Amino acid sequence: MMMELLRNLIPLISLCFLVVFVQCKSSLLGVHPLDEKYFSKEVIKCKDGSKSFTRDRLNDNFCDCIDGTDEPGTSACPAGKFYCGNVGSTPQFIFSSRVNDRICDCCDGSDEYDSSIKCPNTCVMGGNIEYKAQSYISTINDAGSIDARGAKIPVNKEDLIERLKDVKMVVILQSFVIIFLVVLWIMHHRVRSKRRHSR
């Protein structure tokens, strides 16, 4: 019975992991979701207006823009900022010098994508009410702050919907894993109990 249960649950859990993995990988590394449209053009202008670059030079580990616009996902530009999505916790920006430095700065571990260290996802579930009640203004133009919570304009509805979908997927996945572990624990204790009573 336990083997049959395992055979039925494993494909379901695998599917959940695949859905969450594909959803997490769909966004551009180090870029806030509201800026993804900005980077979708074939020729992209540096946010400081100094020059333009082609999309193939985005995150190529060579700093083309002084303000770091072209390297949101690498540590190539000293003025660059990396966006941590931190699904289930507070999204934030970190300095690009912290990307792939072998220290887990984002609670989701997204800043250490290319290093030998594997960061566990330590984001707290449930999101951050303060962030959801505020908006995002690209901090590449804001020299003073690297935190996404500093804006005063109401949040973009599409951004909030996307964030809630991400949180929902993570909660569903965690629920399946917890249910699976509880079922295994119950089955294990039933087997042990039957062995004791048969002696």
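Residues are numbered from 1 along each chain as its sequence is written, and side-chain values use heavy atoms, leaving out hydrogens and water.

User: What is the mean pLDDT of the protein chain?
Analyst: pLDDT is the predictor's confidence in each residue, from 0 to 100. In this chain, 67% of the residues reach 70 or more. The mean is 75.

User: Over which residues is the pLDDT under 50, with 56 contacts in the model?
Analyst: A contact means heavy atoms within 4.5 Å. Over residues 15-26 the pLDDT is below 50, and that stretch has ten contacts beyond near neighbours in sequence. Where pLDDT is low, the predicted coordinates should not be read in detail. The stretch with 56 contacts beyond four places in sequence is residues 126-154.

User: How many residues make up the largest nonpolar core?
Analyst: A nonpolar core is a set of buried Ala, Val, Leu, Ile, Met, Phe, Trp, Tyr and Cys residues joined through side-chain atoms within 4.5 Å. Buried means under 20% relative accessible area, exposed over 50%, and partly exposed in between (1.4 Å probe, protein chains only). Here the members are Val 31, Phe 39, Ile 44, Cys 46, Phe 53, Leu 58 and Cys 65. That makes seven.

User: How many residues are in the second, separate core?
Analyst: Its members include Phe 82, Cys 84, Ile 94 and Cys 106.

User: Where does Cys 46 lie, and is it buried or exposed?
Analyst: Helices (H or I, at least four residues) and strands (E, at least two) are DSSP runs, numbered from the N terminus. Cys 46 is in the loop between S1 and S2. Its relative accessibility is 2%, so Cys 46 counts as buried.

User: What distance separates the C-alpha atoms of Cys 46 and Thr 69?
Analyst: Along the chain, these two are 23 residues apart. Thr 69 is among the contacts of Cys 46, as are Tyr 38, Lys 51 and Cys 65. Their C-alpha atoms are separated by 5.5 Å.

User: Which residue forms a salt bridge with Asp 35?
Analyst: A salt bridge is a side-chain nitrogen of Lys or Arg within 4 Å of a carboxyl oxygen of Asp or Glu. Asp 35 is in the loop between helix H1 (2-25) and strand S1 (43-45), and its partner sits twelve residues away, in the loop between S1 and strand S2 (52-54). Both residues are buried. With the closest N and O atoms 2.9 Å apart, the partner is Lys 47.

User: How far apart are the closest N and O atoms of Asp 64 and Arg 57?
Analyst: This pair also forms a salt bridge, and the structure holds two. Asp 64 has a relative accessible area of 6%, so it is buried. Arg 57 is at 35%, so it counts as partly exposed. The closest N and O atoms are 2.7 Å apart.

User: Which charged end sits over the ring of Tyr 38, 4.9 Å from its centre?
Analyst: A charge sits over a ring if NZ of Lys or CZ of Arg is within 6 Å of the ring centre and within 35 degrees of the ring normal. Lys 41 lies over the face of Tyr 38 at 4.8 Å from the ring centre. The one at 4.9 Å belongs to Lys 47.

User: What is the angle between the planes of Tyr 83 and Phe 93?
Analyst: Rings of Phe, Tyr and Trp (its six-membered ring) pair if their centres lie within 6.5 Å; planes under 30 degrees apart count as stacked, over 60 as edge-to-face and the rest as tilted. Tyr 83 is in strand S3 (residues 81-84) and Phe 93 in strand S4 (residues 92-95). Their centres are 5.2 Å apart, and the pair is tilted. The angle is 55°.

Notes: This is a predicted model: local features need pLDDT of at least 70, side-chain atom pairs count only at pLDDT 80 or more; totals for chains, interfaces and linings use all residues.
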